[in-house]
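Please read them alongside the coordinates.

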Protein chains: 2
Amino acid sequence: MSLASQHEQKDLATYMQALGERARAASQTIALADTHTKNQALLAIAEQLDQQQAALLAANAIDMQHARERNISSALLDRLELTPARLQAMSDGVRQIAGLPDPVGAVSETRRQPNGLDIGRMRVPLGVIGIIYESRPNVTADAAVLCLKSGNAVILRGGSEALQSNQAIATCINAGLESAGLSGDVVQVIETPDREAVGILLTMTESVDVLIPRGGKGLVARVAAEARVPVIKHLDGICHVFIDEFADEQKAVEIAVNSKTYRYGICGAMETLLVAAPIAEQVLPQIQMRLDTAGVEIRGCEQTCQILGNVTAATPDDWATEYLAPIVSVRVVDTPDQAMAHIAQYGSSHTDAIVTENIARARQFVRTVDSSSVMVNAATCFADGYQYGLGAEIGISTDRLHVRGPVGLEGLTTEKYVVTGDGTIRT
Amino acid sequence: MSLASQHEQKDLATYMQALGERARAASQTIALADTHTKNQALLAIAEQLDQQQAALLAANAIDMQHARERNISSALLDRLELTPARLQAMSDGVRQIAGLPDPVGAVSETRRQPNGLDIGRMRVPLGVIGIIYESRPNVTADAAVLCLKSGNAVILRGGSEALQSNQAIATCINAGLESAGLSGDVVQVIETPDREAVGILLTMTESVDVLIPRGGKGLVARVAAEARVPVIKHLDGICHVFIDEFADEQKAVEIAVNSKTYRYGICGAMETLLVAAPIAEQVLPQIQMRLDTAGVEIRGCEQTCQILGNVTAATPDDWATEYLAPIVSVRVVDTPDQAMAHIAQYGSSHTDAIVTENIARARQFVRTVDSSSVMVNAATCFADGYQYGLGAEIGISTDRLHVRGPVGLEGLTTEKYVVTGDGTIRT
């Protein structure tokens with residue numbers, strides 16, 4: 001390593017350490033901020049985003065110009081772009097979060113123990129959250145305000161292609177925080193495009209309590225592999241719908257079609273349809289007709305191909321693929337056990353549904369399938385925080401620890417025991 | 001590395017991988033076992049422990065003999081030893097866990113959302129738990145049956161000095177599991193004393209869902225530093241009692257003395273006493289008298305030394321020390337803020353208590369102090385799972401994620417969303 005780059009590395013380490021220390025200090029004050037103050041800050045942030053529209057669009061135009069010069073794909077350009085409508089959606093989102101109940105300070109049912117102590121648990125913030133994400137600049141605002149409302153400080157690291165946009169959004173957020181008397185350090189955006197900054201963030205065990213990567217598989221896999229700080233993450237969403245032999249045909253067709261076609265790119269989209277053999281000949285042709293109309297390609301097992309004709313044969317890879325595209329794999333199964341074994345083998349523990357009118361089958365499926373969401377007679381595309389009544393989400397966790405499924409404000413908190421006695425001693 | 005030791009390493013890796021695969025397979029069946037079957041296994045394990053007392057004592061005698069030959073300290077020998085009374089306590093503990101409610105399958109309050117879906121959360125096991133612990137063989141039984149009752153498979157790694165004892169206990173557990181029709185692989189003990197086995201266990205991300213180290217700081221620090229699998233851990237217990245100026249003197253004295261002297265070696269023992277200046281001259285002499293009788297050494301701040309006389313001056317190191325011994329550091333503070341700042345600076349976020357009759361002071365302390373247990377008018381030595389009504393605990397977590405404070409059966413589970421509709425689709 002050259003002396004110059006050694007110097008840069010040292011500067012970067014110093015910069016990141018200072019960022020971490022400011023976040024830790026800010027976390028201690030935001031943890032104790034009352035709901036009214038936090039909501040004032042949120043409303044002031046929304047106001048700033050509205051007022052600074054011209055500055056935000058100008059910053060975004062610079063990012064867009066750089067991205068075009070680097071021949072970035074049109075899909076990425078679209079994700080990067082801010083428009084007046086998108087900025088409006090951003091400030092609306094901030095106002096919605098101001099309207100949500102504050103999880104911090106809520107105390108669970110407190111029970112008196114035989115020793116005379118009243119024991120309950122109080123929700124408290126996690127502390128400092130690090131969020132690493134990719135090109136969409138709206139994540140900067142969404143993630144920042146969810147962390148703020150839940151009493152956490154946050155260190156944000158967006159994609160380098162959105163650097164100007166993210167800093168402009170951060171300026172609005174900091175102004176909003178300060179107008180409510182809170183420290184701007186509650187929300188900090190890493191200001192260098194240096195990729196090594198992420199490497200440092202992943203190991204800041206003293207100043208970061210949890211990391212949340214939001215983005216493609218490459219990013220999440222890197223974070224999971226390198227982080228020394230605990231991670232809440234979302235891996236694949238290979239979601240299944242199983243049409244049981246006791247399904248209502250009409251519901252089955254609607255749920256299968258909706259689960260696939262509501263939006264192809266969401267992690268809750270169905271990627272594999274499992275159909276019980278006794279009902280396959282009735283439902284599969286109806287589903288094929290609807291999916292054909294929508295332009296969805298079917299890749300079928302042998303029996304599926306026999307029933308439908310004119311269908312591509314599925315390879316073993318298909319069962320393990322998250323298409324995120326208008327493609328669906330279809331398998332006919334002989335028993336519910338075979339369906340559940342398929343889900344256990346190929347699924348990603350994200351969201352899996354059964355369609356059945358039989359309560360014993362539904363109970364067995366719900367108990368057996370080990371996914372963050374298990375559904376009965378509902379479309380897998382419902383898997384998101386708004387639909388679950390969480391108000392908003394920072395992502396969907398496919399981890400087992402701490403929080404599973406959509407992560408809302410409560411998922412960004414932890415609990416402490418509150419123990420009250422009256423001079424109570426242990427004998 | 002010699003060819004021979006390369007061969008051994010390969011054998012060890014193969015052994016550990018097979019162990020992990022068996023645990024993963026067993027976790028899938030134990031997760032679905034009904035409460036009655038799990039309780040039958042628990043009662044059969046208790047029965048085995050009672051019946052095999054001679055074999056257990058013989059195995060333990062071999063461990064004790066080896067330990068004596070290696071000149072192990074008498075404290076460690078005491079922890080290693082099994083006696084008929086300790087075996088009785090072990091099987092009693094197993095029977096108690098059979099009597100606890102089963103957390104698995106419990107569904108939280110289910111609410112209907114505007115989209116028509118009923119949304120709740122069901123408790124499910126974590127999967128495979130790895131537990132790494134030191135010399136006390138009773139941990140083998142305690143940890144195994146807590147994991148079993150909560151529907152998890154477990155891989156146990158005890159201290160090498162307890163190898164024979166742990167294997168004898170594991171034999172009883174496996175026999176009990178099998179007599180209830182469950183796989184013996186639900187509870188596996190690593191059978192090699194090779195320290196490298198721990199290194200492998202820490203990185204088995206495919207087959208282990210969470211690691212729980214139980215032991216001294218060295219062990220916990222190693223696990224935290226090297227693990228690639230999520231960890232639930234317990235670091236220091238530097239617990240404080242703060243006697244507020246509005247404290248009832250008698251309660252203050254009792255709580256301070258009890259918090260220190262109930263047992264010196266527990267993590268919930270008070271290590272530092274903070275006393276508000278206006279009440280210090282009244283309470284400190286009474287506390288000193290009681291602690292003198294108990295043989296506890298006081299190390300005081302300047303004001304403490306002035307009030308008490310004949311007291312060692314505390315050094316800055318004292319405030320950061322977990323004595324686990326009949327020593328206590330004492331500091332006089334001018335304000336509650338100073339007390340809380342001291343706890344924030346030197347505490348370990350384990351358990352901290354305020355003694356006060358003033359509700360505003362109590363509320364402020366409970367809200368501000370960021371510890372896994374915050375107490376009002378109660379002794380810190382209450383910090384354990386039995387006292388909190390959890391029935392039993394596998395340890396106390398000072399982590400922020402997943403579970404904080406005493407970890408009982410619920411802490412060994414996670415949740416999944418259960419979503420029920422009636423052919424509900426998203427529009």
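1. In which loop is the place of A:His402? A:His402 sits in the loop between β14 (395–397) and β15 (405–407) of chain A. Helices and strands here are DSSP runs (H or I of at least four residues for helices, E of at least two for strands), numbered from the N terminus.

2. On provenance: the model is predicted, so local features need pLDDT of at least 70 and side-chain atom pairs count only at pLDDT 80 or more, while totals for chains, interfaces and linings use all residues. Residues are numbered from 1 along each chain as its sequence is written, and chains are lettered from A and ligands numbered from 1 in the order in which they are written.

3. The phi of A:His402 is positive, about 70°, although this residue is not a glycine. Most residues other than glycine have a negative phi. A:His402 counts as buried because it has 21 C-beta neighbours inside 10 Å. The cut-offs are 20 or more other C-beta atoms within 10 Å for buried, 12 or fewer for exposed, and partly exposed in between, with C-beta atoms placed from the backbone.

4. B:His402 is buried, with 21 other C-beta atoms within 10 Å.

5. The contact takes 55 residues from chain A and 55 residues from chain B; two residues are in contact if their C-beta atoms, placed from the backbone, lie within 7 Å. On the side of chain A that touches chain B, β16(A) gives the most, with eleven residues. Other elements giving two or more residues to that side include β2 (118–125) and α15 (359–368) of chain A. That side divides into 23 nonpolar, 19 polar and 13 charged residues. Ala, Val, Leu, Ile, Met, Phe, Trp, Tyr, Cys and Pro count as nonpolar, Asp, Glu, Lys and Arg as charged, and the others, Gly among them, as polar.

6. Strand pairing crosses between the chains: β16(A) and β13 (residues 373–378) of chain B pair in the parallel sense over five bridges, where pairing requires at least two DSSP bridges. A:Thr420 stands opposite B:Val376 in β13(B).

7. Helix α11 (residues 277–294) of chain B has 18 residues and should span 26 Å at 1.5 Å a residue; its end C-alpha atoms are 25 Å apart, which agrees. The expected span is 1.5 Å times one less than the number of residues. A kink of about 40° lies at B:Val283, shortly before the proline B:Pro285; the bend is the angle between axes fitted to the seven residues ending at a residue and the seven starting there. B:Val283 is also one of the buried residues of α11(B). Just after the helix, B:Gly295 takes a positive phi of about 80°.
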